[in-house]
Amino acid sequence: MNVRIAPSLLSADFGALACAAAECEAAGAEYLHFDVMDGRFVPPITFGSAVVRALRSSSKAVFDVHLMVEAPERFVEEFAAAGAQIITVHAEATVHLQRTLASIRAVGARAGVALNPATSLSAIENVLDDVDLVLVMTVNPGFGGQTFIPAMVSKIASAAAMLEKCGREIDLEVDGGISAETARVVCRAGANVLVAGSALYGHPEGVAMRIAALRKAALGGP
Ligand code: DX5
Ligand code: ZN
């Protein structure tokens, strides 16, 4: 299986984001995950498109922007212009989900849709034609370092079956509490893009070693 790692900059040193981005790329991370929070959809405020734009020249990784904001349709164009290649909106945050997803593709980015743990897969079954990535949240969004919710494993498996049935290649991303232990379980269930923050940052062995360990676990190694 082709697993991609998406380090979340939320757990990196915000004073040295360009170094963090370069470090992830050097370690072989395919994606770089940006957690954009507005203080409304989720309690904290993080950063906006200026940070994405500022890092664009520091990295060749795929920029994966996770918009945890109310009415994300307001920001699609500016994040695409800043260099986002995947723009993911929450199904809970936008009234006209299909239109919002279509608007992401219209500006040349891949369209992602995220589901909070309590949101059923039925929220997206009618819009899959407009989706390139499904993000199953494995914690409630807003904070790094939370505990993986075990009930999400069967949701991931159901999402994988749903995407398989639709016949197109759609990424299945997971985000929240992903570590070497949970990576194996979610990949077995069908996830192919792993977001990880606290499992990668703040450990003595460094980010590169942590990314390697995550990948090994995801592929079923010891
Ligand atoms: C949480 C964010 C995540 C967060 C994950 O709302 O969407 O991307 O950074 O952090 P960990 O891996 O620590 O759970
Ligand atoms: Zn995220």
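Me: Which residues are the closest to ligand 1, and how many surround it?
Reply: In this predicted model, 19 residues surround ligand 1, and the closest are D35, G142, G145, D175 and S198. A residue is near a molecule if one of its heavy atoms lies within 4 Å of it. Residues are numbered from 1 along each chain as its sequence is written, and ligands are numbered from 1 in the order in which they are written. Local features need pLDDT of at least 70, side-chain atom pairs count only at pLDDT 80 or more, and hydrogens and water are left out of side-chain values, which use heavy atoms.

Me: What makes H33, D35, H66 and D175 the residues that coordinate the zinc ion (ligand 2)?
Reply: Donors are N, O and S atoms within 2.8 Å of the metal (3.2 Å for Na, K and Ca); water is not among the atoms, so sites may look incomplete. H33 (NE2), D35 (OD), H66 (ND1) and D175 (OD) coordinate the zinc ion at 2.0 to 2.3 Å.

Me: Why is the site of the zinc ion (ligand 2) called octahedral?
Reply: Six donors count as octahedral if opposite donors are over 155 degrees apart and all others between 65 and 115. The zinc ion has 6 donor atoms with angles of 70 to 169 degrees, and its site is octahedral.

Me: How do you know whether H66 is buried or exposed?
Reply: Buried means under 20% relative accessible area, exposed over 50%, partly exposed in between (1.4 Å probe, protein chains only). H66 has 0%, so H66 is buried. D175, at 9%, also counts as buried.

Technical notes:
Four donors count as tetrahedral if all angles lie between 85 and 135 degrees; four count as square planar and six as octahedral if opposite donors are over 155 degrees apart and all others between 65 and 115; anything else is irregular.
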